[in-house]
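Here is a short report for a reader meeting this structure for the first time. It starts with the overall layout and then turns to local details.

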Amino acid sequence: MSSPGALYRPDPVPWAARLLARVAVATARVLALLPPRHIRSVLRAVRRGARPASYAQASAARNAVLAVSLRCGRPKGCLPRSLATVLVCRARGTWASWCVGVRALPPPGAHAWVEAQGRPVDESVPAGYFRALFTVPPAKPAAPEVSAGDVDLDRSRLSAE
């Protein structure tokens with residue numbers, strides 16, 4: 001017995017973005033075979049040097065992924081879809097938070113999604129519907145190192161009290 005369903009039809013995507021998305025989807029399929037801790041380690045390494053993605057950038061990346069992969073558009077395609085989306089973002093110099101968690105409301109179930117600017121990207125559920133078990137957010141920029149030559153002390157203000 002089959003159940004009725006409709007596939008999401010993404011907006012038109014330029015050919016260059018489609019090519020990038022195809023590479024990201026192929027990479028995501030390989031990553032999805034790894035244990036979660038290994039996926040997280042790989043993504044932490046890949047995110048280095050990227051600035052946080054805006055909601056629009058993450059949505060455009062997700063749209064490109066859905067334009068090239070029917071498998072990622074399926075309800076059970078959340079893991080490769082989310083992985084491919086963050087990889088497309090990274091290829092464009094940004095990083096959206098990759099999240100893995102569960103539904104907060106019954107029925108229970110696992111889910112992987114992408115967040116940008118503190119909210120899930122293009123998920124058709126209300127805020128708070130998912131509870132993240134772990135995330136790979138954008139890396140915090142490293143604090144600039146201060147060398148002795150960078151510090152200009154006003155010796156007249158120093159006193160030995």
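## Overall layout

The chain holds five helices and six strands. Both are DSSP runs numbered from the N terminus: helices are H or I with at least four residues, and strands are E with at least two. Along the sequence, the pattern reads α-α-β-α-α-α-β-β-β-β-β.

This is a predicted model, in which local features need pLDDT of at least 70, side-chain atom pairs count only at pLDDT 80 or more, and totals for chains, interfaces and linings use all residues. Residues are numbered from 1 along each chain as its sequence is written, and side-chain values use heavy atoms, with hydrogens and water left out.

## Burial and contacts

The chain has 161 residues, and 37% of them are buried. Buried means under 20% relative accessible area, exposed means over 50%, and partly exposed lies in between (1.4 Å probe, protein chains only). The accessible surface of the chain is about 10600 Å². Carbon and sulfur atoms account for 57% of that surface. These areas come from the Shrake-Rupley method with a 1.4 Å probe; for residues, only the protein chains shown count as cover.

A contact means heavy atoms within 4.5 Å. Take the contacts in the chain between residues at least 6 apart in sequence: 71% of them join residues at least 24 apart.

## Helix α1

Helix α1 covers residues 15–31, which is 17 residues. From first C-alpha to last, α1 reaches 24 Å, close to the 24 Å expected at 1.5 Å a residue. The expected span is 1.5 Å times one less than the number of residues.

Which residues of α1 are buried? They are Ala17, Ala21, Ala24, Val25, Ala28 and Leu31. Seen down the axis of α1, these buried residues fall within an arc of 115°, so they line one face of the helix. The arc is that of the directions from the helix axis to the C-beta atoms. An α-helix has 3.6 residues a turn, so residues three or four places apart point the same way. On the other side of α1, Trp15 and Val30 are exposed. The cover over the buried residues of α1 includes α2 (36–46), α3 (55–68), α4 (70–73) and α5 (78–91).

## Backbone exceptions

Most residues other than glycine have a negative phi, and most peptide bonds are trans. A cis peptide bond joins Pro106 and Pro107, with omega about 0°. Pro107 is in the loop between β3 (97–103) and β4 (110–116).

Gln117 is not a glycine, yet its phi is positive, about 55°. Gln117 sits in the loop between β4 and β5 (119–120). Its relative accessible area is 59%, so Gln117 is exposed. Asp122 also is not a glycine and has a positive phi of about 55°. Asp122 is in the loop between β5 and β6 (130–136). At 31% relative accessible area, Asp122 is partly exposed.

## Rings and charges

The whole structure has three aromatic pairs. Rings of Phe, Tyr and Trp (its six-membered ring) pair if their centres lie within 6.5 Å; planes under 30 degrees apart count as stacked, over 60 as edge-to-face and the rest as tilted. Tyr129 and Phe130 form an edge-to-face pair, 5.1 Å centre to centre with 80° between the planes. Tyr129 is buried at 19% relative accessibility, and Phe130 is buried at 13%. Ring pairs link Trp113, Tyr129 and Phe130 into a cluster.

A charge sits over a ring if NZ of Lys or CZ of Arg is within 6 Å of the ring centre and within 35 degrees of the ring normal. Arg40 lies over the face of Phe134, 4.4 Å from the ring centre. The charged end of Arg119 sits over the ring of Tyr55, 3.8 Å from its centre.
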